[in-house]
Structure formats: structure tokens, C-alpha cells
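Subject: Structure handover

Hello,

My notes on it follow below.

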Amino acid sequence: MTLHAFLPRELPDGIEPLTDLALDLRWTWSHGTDDIWRRIDPVTWEATHNPWVILQSAPGERLEALAADAPFRERLATILAARQRYSAMAKPTDEPAPPATAYFSMEFGLSEALPLYAGGLGVLAGDLLKAASDVGVPMVGVGLLYQEGYFRQVLDAQGRQQELYPYNDPTVLPIQPALSPSGGWLMVSVDLPGRALWLRVWRANVGNVPLYLLDSNAPLNDAADRGITGKLYAEGLETRLCQEIVLGIGGWRLLEALGVPVGACHINEGHAAFVVLERVRGAMRAAGLSFRAALWATRAGNIFTSHTPVAAGFDAFPIPLLAKYFPEGRGYLADLGIGFDELLTLGHPSSQPTAEPFLPAYLALHGAGHVNGVSRLHAATSRRLFLPLFPRWPEPDVPVDYVTNGVHVPSWDSRWADELWTASCGPERWRGSAEDLEAASGKVDDMTLWTIRGQARAELVTKVRSRLARQLARRGATPDATEEGARILDPDVLTLGFARRFAEYKRPNLLLRDTERLRKLLNNSGRPVQIVVAGKAHPADLGGKALVEAWVRFAETRAVRGRCVFLEDYDLTLAQELVQGVDVWINTPRRPWEACGTSGMKVLVNGGLNLSVLDGWWEEAYAPGLGWAIGGDTSEGGSDGDARDAEALFRVLEDQVVPLFYDRDSEGLPHAWLERVRASLSRLTPRFSATRMIREYATRYYEPASRAVTKRLADGGALGKTLESWESRLTMHWPALRFGHLEATARPDAWDISVEVYLDDLEPGDVRVELYGEPLSAASEPTRLPMQAVRPLAGSSHGQLFSAIVPGNRPVSDYTPRIVPASSSAAIPLELPLIAWHH
């Protein structure tokens, strides 16, 4: 019998599997079980959408009655059979599973029943775990269990944001204590100044993917330490540093304690960067390696994903604070066999320590074998951000690639969209190929599309009315005002949605730059428009709070009260309601400050359209006929850029969006609008799904990283040792490398370029000599042409003549010889950014 904590009683015979179902977070996206939870307790289900709470609070006589109900047991048996098939599809063979990818993230957005997220980073992490479960990518998640999590937003009587921090009672969260191999509650420890911090480990089941959560609220810790995991993104640099030590160092230790075989380690943003050090420490102990050899051996298995578009977004810790937690000559650094200065260089751009703060993002990059941004445009932005780590390297050579984010589509589709996609593409569609999905979904007829859009919009209006009535009553509104709130919006009117974190760079008030024009747009008697707005500002962001208040005040003006709504406490549930019902999703970030942005992806499956600045994912997705673009593909900051984009936004709404929605045939169908909906739904939904994203990560990063780290650790880390020696040898001799005479000879349609290279004590195979040419345009790649060693130079012990023939379509002065390290086993320049140029 499986024991479960925090369940007040054993379930009656015949319905015991309800416990495992309630603890499997697959119910957050597979809604085939909704009916049984609703049947057990409809009131609690509608209030919490948390099956675990339902089982805890259901009266014993109610459970006994259900156990005696044959149709209920038959329905449960059907659900259990479907769950078994799901698990079998994720692991279709009996062969041993490959090593898992360990996914480290500071936040996970899975459900309001487990609120461990602040925004898009966490929601993306949750969607990735769900997709890994769906398609069978071996994965284990590692995060923190917060006692409060992120804040809940309420509006006071004046419309100002206030923050509340409700307690996350772990006994009612759908999690269980993680058990150690010996059967007790697993606890791991990390050393803090003068004491050990003990961490309880909890487990959540995300379908087939386990998510382990570290919790410092353990009786063995003192009061201050119990609060380390108290609040997501806690105030104060010291608590934040402690959280990151817990996540990275404690997280790897819990995987070792459980005996989880890990291949790739995915570091989701720099918060988890300290896992680099603990993975190194584990390899040092297991194979007797030095720090540098262990770093070479393990970094090949690490993937670092940055979501940050501006340097100010990186966490940065002052050197004295870091020294307090990593003292010279003792404790953790003594275990690693390195000094404090060597630790500093891992968090600095230079190989020499400086007085600048320590950046965990730099540590993550210095300890990774692969680095990626989260959209094509963000990769280019990230290359600029990380350029200081690659001195003298051209920006295009900075080794940051990209995997564009995607959304877990079953978590975001409405029930009507689900029925449409099931009818056209089958129940297991999100495990199939994007090409098949596009072809099948592209055949949906106009009447069907228009019907589901009307149903989803009507459902949204109903939910907005209910939310607004509660919101107004809570703020002390009069009964008449509350009753009026329950009648706002019209289910047949073009509905715009705008919801996100309220920060200045996201420009949430672009439409409010001309409130009179906005009033006219909303109140057009023949072609009316309505808009639903939601979003939180960071508690310390006074400017963001002012932006919230501006929208609240505008929405409460008599002239637009029936057409504009601001809803408080934007969370996962409200986000799902909005993306399922709106016709157009608006996004107005200041380019290129949106790393990716996934909110607009969530409307795709539901037939919503995007109207956005060409930033993040929309820069890749946009094409005429799929949605609308605001402005161009260049950046212009300040008030001039805002004024330009506000004018463009109004112009697109007035001249394109509104007319297209209301241009109907005799049957009331807007065919041109629906043609755009069909194209967006069929072409973009599969392309920007988490299914595509997780498969891309698996094939491009996880599987190669797992193979590479296995190879480097084999035979006691032999390859890691070899690479350490190679690095040491190249680093010692690199300052002595130099170029000699350069000669270029014209040939028909080509140049024959030769150059003398003096390699000190290095061999020609240790380096690669190239001709580098800058890109001819912003859209083109640089030219990198290898030069071949032709012969030794007479009278020189280490001189070689290198030559290459290059196309003659560019002046010979466009090409510059350079020397870079060469190794079939190392990623250059990521793992060794040495370079020498011909002057």
C-alpha cells in the first residue's frame, strides 16, 4: 500500500487510485478528469481547481457513497486506463531509460494550486516540464518550495496596487515529501557561514516528470534560515544569494542523494548557476580530478539558457557578500581546491579578478557547453551582452544560439478549441508532427471557426463580469456599481486583450497616450471595440504601479465603463481565460527588450490574432495575413519612439483590425478575418508549441550534451584531463604567437592569400588559422575561411606558411588572418576564447 502524507483517511476500496490522480499534475492540462472532481465536490472544485484539497476535505460518507457508485467506478477505471496508455506512450519500450536531463529553475508555473512562479520565466518552465512528459523526454525538475511565493495583487478604493502574500501551506499543495532510498523524508544540507542549512525535499508529479522542491522551513534551522525559501525573489541580496546557493548546490546534492542518473543539466537563467560548481565537485570526488579537469569534463553536459535582454537584468552580488559565503582557503572553496580569485573570474568577464560584482550568469556561461537565447532576435541581443566575455572576438562569433520558446498548447486551449483540434487532428495531436497539424487544421471551415470564436468570447465576457463584480465589491463599491459591473462588455463585440507585467519598457500605456482617440475607438456605434487589461507591477516599481493606476482610472470613467475593464491579480487562471476568449492580443514592448514573450503564442490555438511590436517571437512569426505588426524592425527609444508606435497602433486598429472584423457577408461571416484566423491557427500554433521546443532542445542540446559529458568523464575523466592540459599549454604559449609577412596574389576571380605564422612551441594542429571577413549586410554571416599549413618556414623552428584561395568578389583588404584554438573535442570559443589577429 502506498502511504500519502496529509490525507486524513484512507480512501474506500475501489476509489483508492483517486489519491495518485490528485497528486499527478497532469490534471492541469488533461481535463478528462475534471468531471470526477466536480462530482465529488463542485463547490471546492470551482473555488480551487485543486483535486488534493477535494480529497482532503470530502466527508467520509461522500467518499463511501462514491465507492458504492458503479458508474463512478467505471468512469474512474476509464480514466486510469487512459493514464496508463499515456505513460506507456511516453516510454514505449522496455529498454533502460537514458540519463535524465536535470532542469533547474528558480520558478515553475504549473497551476494556481502550486503557485511557485512570478511571471513568464516560471510559466515557460512549467510548460517545458509538461511537454517533456507528453513526448517522453527523460527529465527531472529542480526548484524551490516558497512559503509565500510571489505576491497577489489587489486594488484599493483609489485604484492603487496593493500586495498580499498568502501562505503556501504545503499540506494542501499537490506535493508529497520526497523519500530517501532508505525510506525517510529526504533532507540535504548546504554549508552557510558558521552553520549547516538543512533542506527538506518535496516531490510534485508533472505527468511522467518528477519535480523536486527544496524547502528551508525545516525544524533543524534557526528562524532566519527557515525564511530563506520564504518568498520568491526575496528582497535583499543576501537572501537572494542564499536562494541561489540552495537551488544550485542543494539541488545537485538532492539528485545525487536520490541516485538520479543525469546526462544534461539545463540551467534556466543564471539563478541556478551554482550547480556548475557542485557538479564539478561531484566529479572531483568520483574521479579524483582537479578543479579545472572536472570543469572541462562536466561543462559539456551543461546548457545555459538566458532570458535576459538587458545587462541590468542579471543578478549581481558584491564581492564582500560573496566572500562571506565562499571564504578563502576553507569550506566550499577548499573542497574545490581553488582560491577566491579563481571563483571571481568565473563570475567576471575577464580572466583576471576585478572589483566588479559577481554575476551568476557569467558563471553559468563559463560552466556551460551550450548557451542559448529564447528567440532569434534575443540571441543577437545576448551576443552583445556576453561580448565582454570574449575579448577581441567579433560579435557574430559570440557562441549564443537560440531555441525560440513555445507554449504547452493543451494548457491554454479552450474547450471549444480542444474539440475543434481533436476533430481535425486527433486526440494525441501535440505528439505528432507540425506539418501534419498544419495541413489538417488548415481545412477547418469558416462557420466552424466563427462559432468557436463566438463561444469563447461569450465565455470570457461571463467570466470578466463575475470577476469585476467581486473586485468592485471588495473595493467597497456601491451595490449599483457592482451590479453594473456584472453587465459590462458585449459577447458580440471585437475584444482586445492586453495583459502582462507592468513595467516601463513594456509600454502598457501606449494606448493611453491619446485617451480621446481610444474613447472614440471603443464607442464607435457601428463598429464598437472592447478591451480587457490586466497586469502587476513589481512591488518596488513605483513607475509600474502608476501605469496600473492610470488604466484603472481610465476604465472607471463613465464614457468607457462598459467597454474597458482592468482586472486585478493577473495569474495563470486569468491568463487562461483571456487567451481563450480575446480576438486580438496586443503587445507593445520597446524593441529589443522582449526576450521572447509567450503570451501572444497562447491565443494561437484558440483562434486569436496578434497585434504586436516586431520583437521577441513575433519578429520570427509575423507575416502578412497572420496578424499585424506595430512599427518596423528597428529600435527607437524615448518619447519619439513611443509616439511613433502609438500612432502606428491606433492606425492599424482603426484602418485594418476593426474593418476586417466587421466586414460580414449575408450570413454574418467575416471571411477575410477568418482567413487570417485559419492561417494563424494552423501555421503558427504547431511552430510555437512547447512540443516543438522540447524536441528542439532534446535533439540539439540534451542528447549531444549527455553524450559529450559521458565521453569526457569516461576512464576516470581522461578526456577532461587531456583538455585541461591542452588549455594550459595553449594559454602559456598564446602570448608568443605572431604573424609575419602577408602576401596576396590576384588570380582570375580569386585571391591567393598567404601569411607567415609563428606558433612558438605549439603544433599546427593545435590551432586553426582563418581568414575573417565582416558580414556584407546585417542579414548575412561573416566569412570564415580556413587556411592550410603549406610548409615550414626556412630558418624557423616553429614557423609555418599558411595559405588559402578566396573568392575575388570582395577586396583583399576585407580579409584579416586570425589564429584560434583547434580541437575536435572542445567548443571554441565558448570553452577557450583565445584569439590572435594579424595587424
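Cys242 counts as buried, because its relative accessibility is 4% and the cut-off is under 20%. This is a predicted model, so treat every value here as computed from it. Cys564 is also buried, with a relative accessible area of 2%. I looked for disulfides across the whole structure, and the search finds zero.

**Strand β17**

Cys564 belongs to strand β17, which covers residues 564-567. In a regular strand the side chains alternate between the two faces of the sheet. In β17, Cys564 and Phe566 point one way. Val565 and Leu567 point the other way. All of these are buried. Strand β16 (residues 529-534) pairs with β17 in the parallel sense, over four bridges.

**Strand β10**

Next is strand β10, residues 209-215. How many of its seven residues are buried? Seven of the seven are. Both faces are covered. Val209, Leu211, Leu213 and Asp215 sit on one side. Pro210, Tyr212 and Leu214 sit on the other.

β10 has these pairings:

- Strand β4 (residues 139-144) runs parallel to β10, joined by four bridges. Gly143 has Leu213 as its bridge partner in β10.
- Strand β9 (residues 195-206) pairs with β10 in the antiparallel sense, over seven bridges. Trp202 stands opposite Leu213 of β10.

The hairpin of β9 and β10 has two residues between the strands. Gly207 in that hairpin takes a positive phi near 60°.

Val209 is found in β10. Val209 counts as buried, at 2% relative accessibility. Beyond its neighbours within four places in sequence, Val209 is in contact with Leu129, Ala132, Ser133, Met139, Val140, Gly141 and Ala204. For a distance check, take Ser180, which is 29 residues from Val209 along the chain. The C-alpha atoms of the two are separated by 18 Å.

**Nonpolar cores**

The largest nonpolar core has 126 residues. Phe104, Phe274, Phe326 and Tyr702 have the most contacts inside it. Which helix gives the most to this core? Helix α9 (residues 237-258) does, with nine residues.

A second, separate core has 61 residues. Trp430, Leu522, Ile630 and Trp673 are included in it.

Ser375 lies in the loop between β13 (370-373) and α16 (376-385). Is Ser375 buried or exposed? Ser375 is buried, because its relative accessible area is 0% and the cut-off is under 20%. A polar atom of the Ser375 side chain lies 3.1 Å from the backbone nitrogen of His378. Leaving out residues up to four places away in sequence, Ser375 touches Tyr402, Val403, Thr404, Ala595, Cys596, Gly616, Trp617 and Glu620.

Glu727 has its place in helix α27, residues 690-733. Glu727 is buried too, with a relative accessible area of 13%. Its side chain makes a polar contact with the side chain of Trp296, at 2.8 Å. Trp296 is also among the contacts of Glu727 beyond four places in sequence, together with Arg292 and Leu832.

Strands of a sheet pair through backbone hydrogen bonds, either parallel or antiparallel. Here, four strands form an open sheet in the order β21-β22-β26-β25, and the pairing is antiparallel. Which strands are at the edges? They are β21 (738-747) and β25 (788-792), each of which pairs on one side only. Neighbouring strands of this sheet are turned by 25° against each other on average, direction ignored.

β21 runs antiparallel to β22 (residues 750-758), and eight bridges join them. Thr745 stands opposite Asp752 of β22.

Best regards

Methods. Residues are numbered from 1 along each chain as its sequence is written. This is a predicted model: local features need pLDDT of at least 70, side-chain atom pairs count only at pLDDT 80 or more; totals for chains, interfaces and linings use all residues. Side-chain values use heavy atoms; hydrogens and water are left out. Two strands pair if DSSP finds at least two bridges between them. Axes are lines fitted to C-alpha atoms, for helices over the stretch in contact, and angles run from 0 to 180 degrees between N-to-C directions. Buried means under 20% relative accessible area, exposed over 50%, partly exposed in between (1.4 Å probe, protein chains only). A polar contact is a pair of N or O atoms within 3.5 Å; within protein, one must be able to donate a hydrogen and the other to accept it, and residues adjacent in sequence count only if both atoms are side-chain atoms. Contact means heavy atoms within 4.5 Å. A nonpolar core is a set of buried Ala, Val, Leu, Ile, Met, Phe, Trp, Tyr and Cys residues joined through side-chain atoms within 4.5 Å. A disulfide is a pair of cysteine sulfur atoms within 2.5 Å.
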